[in-house]
Amino acid sequence: MALLEIRKVTRRFGALEAVKDVSISIEQGEFFTLLGPSGCGKTTILRMIAGFDEPDEGEILLDGKSLAGVPPEKRPLHTVFQSYALFPHMTVAGNIAFPLEMAGKSALEIRRRVAETLALVHLEDKADSFPHELSGGQKQRVALARGLVNKPRLLLLDEPLGALDAKLRVEMQIELIALQREVDITFIFVTHSQQEALALSHRIAVIKDGRVEQCDEPDQLYTQPANRFVADFIGKINMLEVEVTSSSKVLLGLRAEGLGDIAATDPRPIAVGERGAFALRPELIRVFGHRESADLKNRFEGVVRELLYLGDVTLYKVELANGRVIEALMPNAAPGRAKFHEVGDVVTVCWRHDAGVYLRN
Amino acid sequence: MSEPRTQPSGLTKWVVTLPPTAFLLTFFLATALIVVVAGFRETGEFGGLAPIDSLAALTLDAYHFLGGDVIYLEIFARSFLVAALTTLICIVLAYPLAWLIARSPKRRRDFLVLLVILPFASNFLVRIYAWIMLLGPVNLLYTPFAVVVGMVYAHLPFMVLPLYTNLEKHDPALLEAAQDLGANGWTRFWRVTFPLSLPGIFSGSALVFIPVLGMFAVPELLGGTGDILIGNLIKEQFLENRDWPLGSALSIMLTVCVLALAGLTAWASKRGLHGTEAVT
């Protein structure tokens, strides 16, 4: 049985349907992420799980029991708020002790658990500090400690890294993964950052306009996006408008207007003549000099319009025969000085026949 | 390190602050000093102050007189009791009101605040006379009850406004966090809202307690003969008995008591309110 089951949940605010027929089930121990642009409904879903909002239709079950009508203070799950919402008039230890006091634990146990949790987030020396004396990263850790200390069935995290600067955010991501593994509590994480979602999660639900577009493991989302939105939202991707010319068991023949035939794969039965998009990640495209040999099926000529040397990789923007500009990412991993194609060079871009994904409209 | 550029230069600071400083020095400090000195002088032949010709003319007579009669101590005690009771009732009445205003939609808040201060638009004495009309027919006029009612009525807005200003700034996420972590409504109030509103309660209490101590109009109009407070006593010395030294001595004692109390409160709040400054 799933730990948390969201069953056909819909939530309306006046005429606006913020959440539409969402079904998700989350297993014990998972690091699950709700990913989507701001205003997509992910925070509404989180608030319904926490109990600050109730679904108009459908239900949410925890351990198989419906949470309908259970107020937030009675739900065995805690939230880490985006603003941290630390109690300014309590010390760090006081903040962390709060959920234990609410649960009626003995003073002795509270003292022990607070000390343990402070050690878990490496803040032993800050027990008597007040929140306004802490840095952003430290406040973040106190908020996490406060959410974890009473061992909730679920920890909900609402964009908890949003207020941190870029470097600290990466550090906290690593800490968060280690922390989740250590405490073995199910995390439901809300974010609009696809990078954060990919780095942290066991599974991700991509949400747009209140609907789940795709729910899958990070590498599946990245390599097998279900539609244009997911393909575009997660990572960088080149999108070519194509028409299906042939479809056998796994091989798919596509034609891009003004460019030519593209060989691809797709296990689904697809009708010849269907129109869709061919999506291709920049790092799967190779760029070769004009007359260099490349033993790949998909080869197209183009002209380098821009290049960005990024150190570890170089990003090329190549204009193809039909005027489309595609991006290719070439690693600078060869020993010695990396060899570049200059702006204006005529090059060949190629990719394996199983490199891209055909997306139906 | 150089100062940030937005700091005004020394000269600008002086030019801007000189007029109010001069005003305060002249009209507050000087008058206070006159009262202090008057407390150590004798009454003249026709009341007021006797002419002062030498330092030897200074005397502790007024203070001896105050110490010699227990009635003054009683009046002081009663005044502090009335002030404390008024403050307490104001807190209890103003808190829900301020909370309600702070929780109202933003557009309605200004209107509600306006309603709170609307009574100031008419004359204070007229409003107290109105209470005579109200309390007279129910036989409550000229009682301690009437005095406290009048005091609460006159000072309630001074409690509502600082409390509202404080409560309005509370981050609603804190209450959600408390609820999320297992606190019910009652606990949320006592563990989060109330402690964070203490600075508002303190400033409101100062604005109510101190003026009530010196107030003479309300007890005079609504109170009986046994309900006189320090304010009445002081006013009596200056206007009716023309015993200025005694009036001054009473004023000074009142000021000292208030300052001592304010100091005590400041010390207590510094110890007890750590962290709440982040909110207010």
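Trainee: What makes two residues of chain B a contact, and what share of its contacts between residues at least 6 apart in sequence join residues at least 24 apart?

Mentor: Two residues are in contact if their C-beta atoms, placed from the backbone, lie within 7 Å. In chain B, 71% of the contacts between residues at least 6 apart join residues at least 24 apart. For chain A, counted in that way, the share is 64%. This is a predicted model, in which local features need pLDDT of at least 70 and side-chain atom pairs count only at pLDDT 80 or more, while totals for chains, interfaces and linings use all residues. Residues are numbered from 1 along each chain as its sequence is written, and chains are lettered from A and ligands numbered from 1 in the order in which they are written.

Trainee: What makes a stretch of chain B a helix, and how many are there?

Mentor: Helices (H or I, at least four residues) and strands (E, at least two) are DSSP runs, numbered from the N terminus. Chain A comes to 8 helices and 20 strands. The C-alpha trace of chain B spans about 75 × 70 × 35 Å along its principal axes; for chain A the spans are about 75 × 50 × 35 Å.

Trainee: Which residues of helix α7 of chain B are called buried, and why?

Mentor: A residue is buried if 20 or more other C-beta atoms lie within 10 Å of its own, exposed if 12 or fewer, and partly exposed in between, with C-beta atoms placed from the backbone. After α7(B) comes B:G182, with a positive phi near 110°. Over whole chains, 28% of the 280 residues of chain B count as buried, and 40% of the 361 residues of chain A do.

Trainee: How many residues of chain B are in contact with chain A, and what kinds are they?

Mentor: 20 residues of chain B are in contact with 20 residues of chain A. Helix α7(B) gives the most to this side of chain B, with 6 residues. The side divides into 10 nonpolar, 7 polar and 3 charged residues. Here Ala, Val, Leu, Ile, Met, Phe, Trp, Tyr, Cys and Pro count as nonpolar, Asp, Glu, Lys and Arg as charged, and the others, Gly among them, as polar.

Trainee: How do you know which strands of chain A pair with β1?

Mentor: Two strands pair if DSSP finds at least two bridges between them. β1(A) (residues 4-13) has 7 bridges to β2(A) (residues 16-26) and is antiparallel to it, so the two meet the cut-off. One of the bridges joins A:V9 to A:V22. These strands form a hairpin with 2 residues between them, and A:G14 in the turn has a positive phi of about 65°. β1(A) is also antiparallel to β4(A) (residues 57-62), over 5 bridges, so that is a pair too.

Trainee: Which strands pair with β17 of chain A?

Mentor: β17(A) (residues 313-320) pairs with β16(A) (residues 298-309) over 7 bridges, in the antiparallel sense. A:Y309 is the bridge partner of A:T314 there. Another 7 bridges join β17(A) to β18(A) (residues 325-331), again antiparallel, with A:V318 opposite A:I326.
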